[in-house]
Amino acid sequence: MNKKILFLLSFFVTIIFFALSVKTLYAQDVQCPTEGNTSTCTTQVGEGSVESPETNPPELPPNNTNSPLNLPDICSTISQGPYQGPSHQNLLAWDFAVPRGTPVYSTFAGTVTRTGQYQGTCKWSKNDNYDKWCSPTEKYGIWIEIQRSDGVFARYAHFTPESIAKIQSLSKVSEGEFIGWVDSTGLSTGNHLHYQLSDISVVPDAIKACQ
Ligand SMILES: [Zn+2]
């Protein structure tokens with residue numbers, strides 16, 4: 001076998017090996033991450049694959065702890081309770097101070113009746129030296145209201161901007177369904193979930209245990 005044939009043979013073997021490697025790479029069924037929607041992932045599309053931002057709202061497994069937050073002890077995270085000042089004076093509402101990005105879950109099944117998408121942070125008073133006042137529609141930042149068939153509703157507020165796609169994808173929500181992530185949008189001075197109810201009859205057991 002002369003050198004020319006040997007060279008051509010090794011050349012073709014290299015080409016075949018390369019082609020097989022590429023085919024194997026594209027054939028892999030790479031799963032997109034289920035948490036977060038700002039990362040990129042590789043999904044199989046047709047015979048090839050594309051690198052694309054994950055734009056679909058993620059699906060987290062349902063929470064069965066009868067709580068808006070899947071945490072072992074949410075009572076210790078309460079920074080402001082119902083009918084307490086300054087912002088809950090007339091509200092059956094709790095603030096749970098937890099890290100940004102903590103998943104939030106609906107505590108009962110219902111229909112999405114209202115949402116808000118204000119992404120900034122604001123305060124009520126100019127005297128606070130903040131750039132912006134909160135209007136009533138801005139105070140909850142990015143938020144969602146879920147109403148039962150009997151009219152009782154819950155509001156979950158101060159979500160991350162990444163939650164907008166999620167809340168816009170929801171119309172009917174089941175109990176324990178993931179609805180967004182904790183942040184500090186709207187009338188807020190730190191990362192927390194504002195959880196508000198229109199009726200005391202639907203206070204989750206996990207929160208009743210705090211009182
Ligand atoms: Zn609050």
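Visitor: What's the average pLDDT of the chain?

Guide: This is a predicted model, and the protein chain averages a pLDDT of 79, with 69% of the residues scoring at least 70.

Visitor: Where does pLDDT stay under 50?

Guide: Over residues 18-55, and the model has 35 contacts beyond four places in sequence for that stretch. Where pLDDT is low, the predicted coordinates should not be read in detail.

Visitor: OK, on to the sheet. What's the strand order?

Guide: Seven strands make an open sheet, running E3-E4-E13-E9-E8-E6-E10 with antiparallel pairing. E3 and E10 (172-173) sit at the edges; each has a single partner strand, so one side of each has no neighbour in the sheet.

Visitor: How many bridges hold E3 to E4?

Guide: Two, in the antiparallel sense, with E3 covering residues 78-80. On the other pairing, E4 and E13 are antiparallel over five bridges.

Visitor: Which residue in E4 is the bridge partner of isoleucine 78?

Guide: Phenylalanine 96. Phenylalanine 96 also has a bridge partner in E13, namely leucine 193.

Visitor: Is E4 largely enclosed or open, and why?

Guide: Largely enclosed by the rest of the structure, because four of its five residues are buried.

Visitor: Then what about the largest nonpolar core? Which residues touch the most other members?

Guide: That core has 26 residues, and Val104, Trp143, Tyr156, Ile179, Leu193 and Tyr195 touch the most other members. The elements giving two or more residues to the core are E4 (92-96), E5 (103-105), E8 (142-147), E9 (153-157), E11 (178-181) and E13. E8 gives the most, with four residues. As background, nonpolar side chains tend to be buried together in soluble globular proteins.

Visitor: What does tyrosine 195 touch?

Guide: Leaving out residues up to four places away in sequence, tyrosine 195 touches Pro68, Ala93, Trp94, Phe96, Ala154 and Tyr156.

Visitor: And histidine 194, buried or exposed?

Guide: Buried: histidine 194 has 26 C-beta neighbours inside 10 Å, so it clears the cut-off of 20 or more. Histidine 194 is in strand E13, residues 193-197.

Visitor: What are its contacts, skipping residues up to four places away?

Guide: Histidine 194 touches Ala93, Asp95, Tyr140, Ala157 and His158.

Visitor: How far is histidine 194 from glutamine 80 in space?

Guide: The C-alpha to C-alpha distance is 9.2 Å, while the two are 114 residues apart in sequence.

Visitor: Where is asparagine 66?

Guide: In the loop between E2 (48-53) and E3. Asparagine 66 counts as partly exposed because it has 16 C-beta neighbours inside 10 Å.

Visitor: And tyrosine 83, where does that one sit?

Guide: In the loop between E3 and E4. Tyrosine 83 is exposed, with 10 other C-beta atoms within 10 Å.

Key
Residues numbered from 1 in each chain as written. Predicted model: local features only at pLDDT ≥ 70, side-chain atom pairs only at ≥ 80, totals over all residues. Buried ≥ 20, exposed ≤ 12 C-beta atoms within 10 Å, placed from the backbone. Contact = placed C-beta atoms within 7 Å. Core = buried A, V, L, I, M, F, W, Y, C linked by C-beta atoms within 7 Å. Pairing = 2+ DSSP bridges. pLDDT = per-residue confidence, 0-100.
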